[in-house]
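Okay, everyone, thanks for coming. Take a look at the model on the screen, and I'll walk you through it.

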Amino acid sequence: MYRHTRELQFTAKPEKPDALFAAKFQEILGGQFGEMTVMMQYLFQGWNCRVPGKYKDMILDIGTEEISHVEMLTVMLARLLEGAPGETTEKAAAANPVLAAVLGGQNPQHAIVSGGGARPTDSQGNPWNAGYIIASGNLLTDFRSNAAAEGQSRLMTSRIANMTDDRGVKEMLAFNLARDTYHQQQWMYGIQMLVEEGFAESEIERSNGDWEDAEAAHVFYTNEGSRAGEGLWATGNSVVDGQPFRTEPLRPLTDDQGILPAPDPLQYVTYDGSQGPGKPGNAVGGAVQQAENVVTKVKDAITGDKH
Ligand SMILES: [Fe+2]
C-alpha cells in the first residue's frame, strides 16, 4: 500500500513564475526519459519482482522516491505557471513584448487544459506513454536499463538547468541531479551484486546461452575502412567465457537470398511469376493450417511418430 505525506521530498519553489520555462520543464516530467518513466518503470519492476528481500525492497523504495520526484516537479510546474495569462488581448501583447513572448512560447495546454497545472506530457505535448518503460522480470536486464535511464535523465536535468537563472529552480534541480548521480551507482552496484550472488551468470543477459551460436558470440563484424577494430570490443576477451574476441569483415554467412514464396493472388502483390503460381490463403486459411499442425502433432504423439 502507499501512503502520502503532505511535505514534499525537497522544496519546489521558483523565485518567480516563468511560463516559457514551464513548457520546457515538462520534458523532465512526462518525456520519454522523465520522472514519470522511471517512476512507472521501477514500480512495475518492483511489483513484478520475485526475489523477496533486499532486491524487491530496493526497487520499490526507489520507485516510491520517484513518485515523490513526480510530485515535486508537478508542484514546481504549477508555481512556474502562476500568473501565466489564461486570456489576453492582442492589444496587451502588442504593448508588452515580454508578455507577447510568454504568450507565444507558452504551452497552450497549460492555459487551456490544466488550468495552470502540470500535464503528464513532454515538452511538445505528447502524452506520457507506457511503452517508455522496461520491466522484463529479469533483474539484470532491468538494472542495466535503469542505469541508462538515470544517465539520460541526469543529462536532461542538466540541460534544463542550463536554461534558467532561477535560483529556486536550480536549488531543486541540484537535488534531482544528485539523486540521478546516486541512482546510477545504485543500479551499477545492483548489477554487480546480482552476479556475485548467483542471480546472473555474468554482467550480460545470456538466456539460452548453452545453445546460442558460440562462434558469433566472439566476433566483431566490421566494414571496410572502419577503425572499430582498435577497441576492446574487438581486441578484448569475452566477459562470459574469457575467450578472445576477433574482428571479421561483415559478410553474408549464408547463400540464402531471402527470396519470398509466391504471393496469395487475392493480395494483388506485384509479382513476376518466378516462384510459380501463388496459392490463395487468408486468415481462414491460416487458421486451418494451424489446426492441421495441431492435429498432426497430436497424431504423432499418439503413434510415437517423429518428423
Ligand atoms: Fe527521480
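Two bits of housekeeping. Residues are numbered from 1 along each chain, as its sequence is written. This is a predicted model, so to speak of local features we need pLDDT of at least 70, and side-chain atom pairs count only at pLDDT 80 or more, while totals for chains, interfaces and linings use all residues.

So, what does the secondary structure come to? The protein has 11 helices and two strands. Those are DSSP runs numbered from the N terminus: helices are H or I with at least four residues, strands are E with at least two. Along the sequence the pattern reads α-α-α-α-α-α-α-α-α-β-α-β-α. The radius of gyration is 28 Å, well over the 19 Å that the globule rule gives for 307 residues, so the protein is more spread out than a compact globule. That radius is taken over C-alpha atoms, and the rule is 2.2 Å times the number of residues to the power 0.38. The C-alpha atoms fill a box of roughly 80 × 55 × 55 Å along the principal axes.

Next, the domains, with bounds from an automatic or database domain assignment. We have domain 1 (19-196), domain 2 (211-258) and domain 3 (265-303). Taken over C-alpha atoms, the centres of domain 2 and domain 3 are separated by 38 Å.

How much of the protein is buried? It's 24% of the 307 residues. Buried means 20 or more other C-beta atoms within 10 Å of a residue's own, exposed means 12 or fewer, and partly exposed is in between, with C-beta atoms placed from the backbone.

Now find helix H3, residues 35-48. Its 14 residues reach 20 Å from first C-alpha to last, close to the 20 Å expected at 1.5 Å a residue. That expected span is 1.5 Å times one less than the number of residues. In H3, 10 of the 14 residues are buried, so this helix is largely enclosed by the rest of the structure. Those buried residues, including Met36 and Leu43, pack against H2 (27-30), H4 (54-80) and H8 (139-161).

Helix H9, residues 167-196, has 30 residues and reaches 43 Å, close to the expected 44 Å. Its buried residues include Val169, Met172 and Trp187, and what covers the buried ones includes H4 and H8. After H9 comes glycine 198, with a positive phi near 80 degrees.

On to the largest nonpolar core, which has 38 residues. Such a core is a set of buried Ala, Val, Leu, Ile, Met, Phe, Trp, Tyr and Cys residues joined through C-beta atoms within 7 Å. Which helix gives the largest share of this core? That's H4, with nine residues. Among the residues with the most contacts inside the core is Met76. Leaving out residues up to four places away in sequence, methionine 76 touches Ala12, Pro14, Val169 and Met172. Contact here means C-beta atoms, placed from the backbone, within 7 Å.

Last, some single residues. Asparagine 208 has a positive phi near 60 degrees without being a glycine, and it sits in the loop between H9 and strand E1 (219-222). Is asparagine 208 buried or exposed? Exposed, with 6 other C-beta atoms within 10 Å. Tyrosine 268 isn't a glycine either, and has a positive phi of about 55 degrees. Tyrosine 268 is exposed, with 8 other C-beta atoms within 10 Å.

Terms used: Contact = placed C-beta atoms within 7 Å.
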